[in-house]
Amino acid sequence: MTQALTQSYSRDKEDEADRKGTQLAATTGYSASGLRDFLASMKEDAAKDPNSKRETGIWGSTHPSFDERIAALTPIAAQYPGGATNEARFQKDAAFGPTAEE
């Protein structure tokens, strides 16, 4: 698992993965903004919590910055309006920090 998070790929490969993942999500009925929103959540949480900042530091050293990825994904997601977001599942599986269930 650590290797998957720290493996260094070219920026082009990272951008392509973000773009294709966003397009795939949108074409299968999910919200195209899901990855962008997840990255924004990670950025926000890392800024608030020193432990999260440290934990995302290794990952951030091998990937483009949150700001770069969010900026690149915003116009792509805008091409695919609609789609479903399961807020409860996002809070349980993807959001950092306490959830409504805790």
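Predicted model: local features only at pLDDT ≥ 70, side-chain atom pairs only at ≥ 80, totals over all residues.
Q: Why is A40 called partly exposed?
A: The relative accessible area of A40 is 31%. Buried means under 20% and exposed means over 50%. The value of 31% falls in between, so A40 is partly exposed.

Q: Where does A40 lie, and what separates its C-alpha atom from that of F66?
A: A40 lies in helix α3.

Q: What makes the span of α3 close to the expected one?
A: α3 has 15 residues. At 1.5 Å a residue, 21 Å is expected from first C-alpha to last, and α3 reaches 21 Å.

Q: How do you know which side of α3 is buried?
A: The buried residues are L39, S41, M42, D45 and A46. They cover an arc of only 155° around the axis, so they sit on the same side of α3. The face turned away from that side carries the exposed residues A47 and K48.

Q: What makes up the largest nonpolar core?
A: It consists of 5 residues: L39, M42, F66, I70 and L73. Such a core is a set of buried nonpolar residues joined through side-chain atoms within 4.5 Å. α3 (34-48) and α5 (66-78) each give two or more residues. The largest share, 3 residues, comes from α5.

Q: Which residues does L73 touch, leaving out those up to four places away in sequence?
A: L73 touches D18, R19, T22, L35, R36 and L39. One of these, L39, is also in the largest nonpolar core with L73.

Definitions and conventions. Residues numbered from 1 in each chain as written. Heavy atoms only, no water. Buried < 20%, exposed > 50% of the residue type's maximum accessible area, 1.4 Å probe, protein only. Helix = DSSP H or I, 4+ residues; strand = E, 2+ residues; numbered from the N terminus. Contact = heavy atoms within 4.5 Å. Expected span 1.5 Å × (residues − 1). Arc of directions from axis to C-beta.
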